[in-house]
Structures are given as C-alpha cells and as structure tokens.
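Let's take a walk through this fold, starting from one pair of residues and zooming out from there.

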Amino acid sequence: MSRDEIRKTVEDIYVRVSNESLEKGDVLLNTLHEIQDHYNNFIPVEAAEELHDITGVPLSKIYEVLSFYTMFSTEKRGQYVIRICKSLPCHVDGGAEVVEALKEKLGIDFGETTEDGVFTLEQSSCLGLCGVSPVMMINEEAYGNLTPEKVKTIIDDVKDGKRSDVNA
Amino acid sequence: MLKPITILVSVDSNSALLGARHYKNYLSQLVKKYNLDSITDVLETGSFGNYGEGVLISILPENIHYSVKSEKDIELIVQEYLLKGRRVPSLVVEKIEKEETEEKKKNVEERVVLRNAGEIDPKNINEYIAKDGYQALAKVLNEERIEVINKVKESGLRGRGGAGFPTGMKWEFTYKVDNPEKYVICNADEGEPGTFKDRLIMEGDPHSVIEGMAIAAYAVGANKGYIYIRGEYFESISNLRKAIEQAYEYGLLGDNILDSGFNFDLSVRLGAGAYVCGEETALIESIEGKSGRPRLKPPYPPVSGLYGKPTVVNNVETYASVPPIIINGPDWFKVLGTSNSAGTKVFSLCGNLINKGIVEVKMGTTVSDLVYNFGGGIRDGKAIKMIQTGGAAGTFIKPEEMNTPLDFDSMKNYGISLGSGVILAINEDHCAVDVALNLMEFFEHESCGKCTPCREGTKVIVDILHKFSKGQGSEELFNSLYDIAETMEASAFCGLGQAVPIPLRSILDRFKDEFMAHVGVDEAPCGVCKFPKKKKKVH
C-alpha cells in the first residue's frame, strides 16, 4: 500500500460519501465506516492522516471518535468480525453457553483475533434480533437460534466458504 | 412487466438469519436452471408476521404460504409446484382460519404502524403508493402548518421511543421558534436491549418513516432531515437508502414537493455502536461528527438542537404512526388506546417465550395477555420467574403482577414501565443475582464516561453484584446498592445514568431473599452462580 494509493482511496471515499452531505461536517462517521470496510475491518493510521488532510478535521478528534464507538477499530482485525450479543434477552435464552462454546471453538477471548487472522471475536450489546435469540453477527450477516453445536458448524462453514450469504 | 408468477421470500432480519437470503439465491438459481425466469419473479419482502422455525415464502397469485427449512424444501417447491403445478402439502403454512373462535379472537393484532410490513415489497415505492402511501403528505401540503400540528396534538400521539412525550407538543415548540433553518431527525438508533420493533418497521415499510418525517418537516418548517440508524442494522440502512432514492425520483423528496413549494432533503447517518447515542442530544452530537456524549438540557432540541438550530427528534415508530393519523383523523387513533395513551403499541416479545417476535396491539393490553395469548407462555413447560418490561432501563416484575395494563400511565399507577415495549420473560432456571449482574454490566459498558455518578456508579454496582455472585455479599452491601441508586438518580447527567436505578431497585425489591440466600453459604443456591472453592483449613 503506497501512500499515494491510500490518499486516492480515502479521497474517493470522501467524495462519494459527501454526496449524502446536507451540512458541513455531517459525514464523518459515514466516511469512517466506508474506510473501515475498504481496509478489512480497521482504519489504518495513514488513512486517518489523509482524512485529516482532506477534511481539516484534527487527527486527535478523528482518533477520539474512533476510540469512542465500539464498531471502529484502529487495530488490525480478522477477515471476519464476529459480534456476539451479551445482552439479557440472549443471556437468559442460552446465550451464556453459546459464548463459551464460541470462545472454545476459536480459542480466543473477546477482543482477540485468531492466529490465522480469519476471525476476531467481539462482544456486543443487544443487536435487535431478540426474536431469534441467542444471536451473533459475522461481518454483515446475522445468525440466530444459536446453540453451542450450531456456532461450531457455522464457524467451520464460513471458514470453508460454504455460505452464500456471508461476504468477507 | 409483471410476470405471471411471483414468489415473495420473507427476508426480514429474523428470516435472514434462518438462511432466507441463501434460500432466495438458491430459488432464483433453480428458476433460471429450469428456464422459468421469463414467467417467474423471485422477490424479497418484509416479515409476514409469524416466526416458526422456517423461512416463509408466498407464491402469488395463488397466495399459498410455504415454510422452508432446507435447500431440499426449495427443490421440492420448484419441482412440484412450479414445474408440475402441484401443491406441496407438507410445507404449506395455513393462514389464520376464517372461522375465528373466541380463543383466536383474543390474539388479533391491531396493525397501524405495521400495516404494510410483510404485505408489500419494501424496495418498491409503487407498492407503498398503492396502499395509499404519500396520500397523507399530499393532504397536509394543502393545509396550514398549525392545522397539521393540531391534528397530531388532538390524536394524543406520544413518543414511542420510551419517554412518551406528546408528539404534537414537541412539534409545536419547534414550530414556534422563529428560525429559517430547522431540522427533523429520526432516532433509529434502536439499542434498548430486547427491542427490535424499529428494525422491523424500517425493513418492512421504510416509506412510512420517510412520509412521517416529511409531514413533520412541513409542519414545523424544516427543510432538512436525518435518519440516524445504528451501524449494525445493515438491512435497515440499505432499505432506507433505497427508499429515499426512490422518493427523490418520484418528487416526494427534494425541491418543490408535489408542486407545493415545500423543499425537504433527507439523508441517512450511521451510528457506530454506542447505546448512549439513543439519547437525543448525544445522537445530535454524533451526526455532527463527534463522540456521542449528551449535552446539558435545557435548552432542549426543539429550541436548540442540531448545529444549534430548532430540531424535532422522534422515534421510528412515532413517525410511522403519523400518516394513518392524517388519513383517518385524530379521533380514529384516539379510540384505539386508553384515555392518556392513544393508539397502538408495537411490542417486542423475547426471552424464554414460546412465540418470540413482534406484535402490535392496542395501548392498555396487559402483560399477561402479551406473555400468554401472544407469546404463547414459557417454553419447555417451565414456570415463569420474572418479566422485565420496557427494556434494559425498564422494571422487573413478578408473575403475580402480570395483570397490569401497559400504557404511558402504568409507571405512575403501578410502577411498571412501558418503555420501548419490551416483554422479556425469564424462566425459573435463572438467578436474580446473575440477571442483575448481566444487566448492570450492560450499563457499565455503555456508560459514556462523561459524568462521575454514571461512570463510577455503574462500576461499583457491578463490583458489588460480582461479590454476591461469588458468595461474598452481605446485607450491608445489599443496602449500599440502594444508596448508589439514589445518588445516580439525583445526579447523573443524562437519561442513561438516571434510569439505571429503575431496573436495579425493582429487582432488589422483589428478590431480596434470593440475594440474601447467596450470603453466608459455601455453595451457590441457584445453580447459576459459581462460588470459588474454599481452601481447606490446614490442621
């Protein structure tokens, strides 16, 4: 990744996202989402620096925003980010056991990435899918009615590329 | 051109995670493989309303519903029904029978907000328009602004996000401020644990939200609007973006809407995983590109909101309620509910219930109706232990309190919250200490850190509850939880911290003996908490 490439990527994203702008400064979060999607689930510091250069928003402020919101990461994450719901509706419906099974299957704790760089495990507050609790999301796709056995199969399937509905 | 056969696949989130999108792809593939694509459309639609174990698909014009659980089921439908014209009885889902027994009548929903969910293709504006969509907007554009506000006031509509502030009054405050620049915002940062109604509305009927917002904007004199959707709601985000694009194409957004001279621009903003952004001033900060920390109130947003301008902030369900009120009149809406709480309410049923999902019923429906008639009772023949109503910031109640009607007055009259309409049923296997701990960890995690009472208060509460769950609690510690609750209620900066005492006190009040049963014993009495093993004394 050369610096020029990063510059061009961030600039293109910013121009595209700005089409949705109604007031100055109202697209920062949307832009950061797009940058993060582009760089596989995290925002490299070089990209943040370029965004500062293009928009004039201080780097310290960009960093503050990135560190405030849990969906953003300044650290490299896996190809797939797994967000598992820890809130009460899932917790009382077998969620606690599913969390344990998932940690065991992946061999990592919350906030960690598997050695092969494929999965990052994160805990999430309610994902608003309580009709099919317990639930988790892998990147943009949601999985419900989970059981300890089912999560293990899903992880294997995603790894083997067997699901048509999950994108890396 | 419409093709002779239309297959609708329900791809709301709940179905999607049963594999709906995968099945839809597969169905399209097979339709193509058998050269049926010139006569068959495979389309996505919102929720059909009931969640069994399968993905629901509906085949038009015959209007048969099938429940699909595997790729095999899809193959069966294509081979039997599409190729040979034979029904597949083993997969057919019977719709509600025509002759309703008394028992069944009790379960009838009253759908105002969810009127179109599962009936129309949310990605096609024509289907919304065919169901009288944008009629209400066309109607108000010929009326005086204050007339519109008066109608909403008369209807008795109150905010559906949890606080229940009268919507018409909020609009009137904003209307009265003299400022050429005003905003309307839709709070779609649905994060209250157990709540998933806004997601269903946005995924199933996005135009109803856009129309409600355009009406609000016209009424208060705003020309710009934002829909702030939580970042994890990918489906809602893409459906609303698509809907906005179509509304622009049809001249229902943008400049000079329907030749009225009224301009309104609308845009989607994404949250990024912060519960506190559901608080309206934190949400405003977030749209402005900052961390979502709440502002000091007053001034309230109707006076000084986004970029310091007068701003209306309403919930998704509130906006979606507006078009039917305009079309059918305020009185129609009023009689649906109770004296102080007009209309219907969308409830999210979750936890250990047999039928989890969304129902829309009249205000004043009792908890027990929701749990037993709609929720089907508790799964696996277990007994019910407690119900949390209203969301994470709502109240825990015991089974004997379930006959309470839920509306905006139930907090005042019975101390039981309506909140965002959550009914979370918890069975006898669970421990009150563990439940309280899980809930308070949520608040600790989501506290934004701006004020000390909330940042430190939630942390101390979690520490104390941890002690109980490890057998290290005491009566003194139990009582100190009430002290922290009192401090937070009195001094937390925003609604998040001020609300923490509500669930905390309600569970402490009702389950004190269970907390005390964790004190002074060697083994946890509940089968959930795990006490550390005591070291054996060395003689």
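Gly351(B) sits opposite Ala425(B), a residue of S13(B). The model here is a predicted one, so keep that in mind as we go. The two strands that pair around this spot are S9 (residues 344–351) and S13 (residues 422–427) of chain B, which run in the parallel sense and share four bridges.

What order do the strands of this sheet take in chain B? Reading across, it goes S10-S9-S13-S11-S12, an open sheet of five strands with mixed pairing. At its edges stand S10 (357–362) and S12 (395–397) of chain B; each has a single partner strand, so one side of each has no neighbour in the sheet. On average, neighbouring strands here are turned by 25° against each other, direction ignored. In general, strands of a sheet pair through backbone hydrogen bonds, either parallel or antiparallel.

| Helix (chain B) | Lies across (chain B) | Angle |
|---|---|---|
| H15 (residues 367–374) | S9, S10, S11 (384–389) and S13 | about 70° to S13(B) |
| H21 (residues 501–510) | S11 and S12 | about 20° to S12(B) |

Now for the whole chain. Chain B has 22 helices and 13 strands, and its C-alpha trace spans about 90 × 65 × 45 Å along the principal axes. Buried residues account for 54% of the 539 in chain B. Of the contacts in chain B between residues at least 6 apart in sequence, 70% link residues at least 24 apart.

Notes. Residues are numbered from 1 along each chain as its sequence is written. Chains are lettered from A and ligands numbered from 1 in the order in which they are written. This is a predicted model: local features need pLDDT of at least 70, side-chain atom pairs count only at pLDDT 80 or more; totals for chains, interfaces and linings use all residues. A residue is buried if 20 or more other C-beta atoms lie within 10 Å of its own, exposed if 12 or fewer, and partly exposed in between; C-beta atoms are placed from the backbone. Two residues are in contact if their C-beta atoms, placed from the backbone, lie within 7 Å. Two strands pair if DSSP finds at least two bridges between them. Axes are lines fitted to C-alpha atoms, for helices over the stretch in contact, and angles run from 0 to 180 degrees between N-to-C directions.
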